[in-house]
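Subject: Structure handover

Hello,

Here is the structure I promised to pass on. Please look through it, then read my notes below.

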Amino acid sequence: MLLVGLTGGIGSGKSTVSAALAERGAVVIDADAITRELQEPGQPVLAAMVERFGPGILRPDGTLDRPAVAELVFPDPQALADLNAIVHPAVGAEIARRLEAEAATDHVVVLDVPLLVESGRGDLAGMIVVDLDPEVAVARLVEQRGFTPEDARARIARQASREQRLAKADVVIDNSGSRDDLAPLIERCWSWIEALARSGATGPA
């Protein structure tokens with residue numbers, strides 16, 4: 001297994017890059033997708049969240065109302081800490097299970113985690129950072145995802161800084177342009193991954 005990290009701030013377009021790498025054959029372990037799976041009705045994580053925050057975080061059909069959760073936790077550091085204490089260990093355990101299932105393969109595994117720099121993982125063969133000017137990210141979050149500018153900036157401020165991510169990057173994908181601009185950068189990134197695989201790299205770069 002060749003394990004490569006992929007990260008980027010909210011609004012950076014990391015999911016677009018992740019999907020493109022999957023199309024080229026990478027096995028993507030997506031922390032955000034795992035989080036959503038673990039927060040589905042019937043899952044212990046969702047039950048624990050309802051116990052802590054009340055039934056108001058559920059929609060009438062029993063699914064999680066994510067904006068309602070955001071309104072509760074982001075202004076309240078203790079509530080956010082409580083949420084993270086429920087969600088993060090479960091997500092970490094599921095990521096570990098999926099990595100274990102891939103360990104004996106020759107697959108390229110892309111670990112797609114928003115807080116990858118903050119986590120300090122030491123088992124990556126390399127780190128890809130999707131980079132974007134924070135103000136461009138704010139504009140995209142407002143336009144494409146319905147955020148207010150204030151909420152977008154607050155969420156960006158809670159993540160690692162642009163400088164911290166770039167300091168850890170082996171490959172930087174500049175996503176400030178169009179999708180057409182992005183395509184050759186993803187191709188170059190995939191060539192870098194293939195070179196890593198040929199070199200037999202499996203651990204820290």
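First, a term: a residue is buried if its relative accessible area is under 20%, exposed if over 50%, and partly exposed in between, using a 1.4 Å probe and protein chains only. Helices (H or I, at least four residues) and strands (E, at least two) are DSSP runs, numbered from the N terminus.

Two points on the source. This is a predicted model, in which local features need pLDDT of at least 70 and side-chain atom pairs count only at pLDDT 80 or more, while totals for chains, interfaces and linings use all residues. Residues are numbered from 1 along each chain as its sequence is written, and side-chain values use heavy atoms, with hydrogens and water left out.

The strands

Start with β1, residues 2–8. Seven of its seven residues are buried. L2, V4, L6 and G8 point one way from the strand. L3, G5 and T7 point the other way. Both sets are buried.

What does β1 pair with? Two strands count as paired if DSSP finds at least two bridges between them. β1 runs parallel to β3 (residues 108–112), with five bridges joining them. Here L6 has D112 as its bridge partner. β1 also runs parallel to β4 (residues 126–131), again over five bridges. In that pairing, V4 stands opposite G126.

β3 is mostly covered too: five of its five residues are buried. V108, V110 and D112 point one way, and V109 and L111 the other. β3 also pairs with β2 (residues 27–30), in the parallel sense, over four bridges.

The salt bridges

How many salt bridges does the structure hold? There are eleven. Each is a side-chain nitrogen of Lys or Arg within 4 Å of a carboxyl oxygen of Asp or Glu.

D112 and K14: their side chains meet at 2.5 Å, N to O. D112 lies in β3 and K14 in helix α1 (residues 14–23), so this pair ties together parts that are 98 residues apart in sequence. Both D112 and K14 are buried. D112 is also the bridge partner of L6, as noted above.

R97 and E94: the closest N and O atoms of this salt bridge are 2.7 Å apart. Both residues sit in helix α5 (residues 77–102). They are three residues apart, so about one helical turn separates them. E94 counts as buried because its relative accessibility is 17%.

D133 and R162: these side chains form a salt bridge at 3.9 Å, N to O. The pair links distant parts of the chain, 29 residues apart. D133 is in the loop between β4 and α7 (134–145), and R162 is in helix α9 (residues 162–168). D133 has a relative accessible area of 32%, so it is partly exposed. R162 is partly exposed as well, at 26% relative accessibility.

Best wishes
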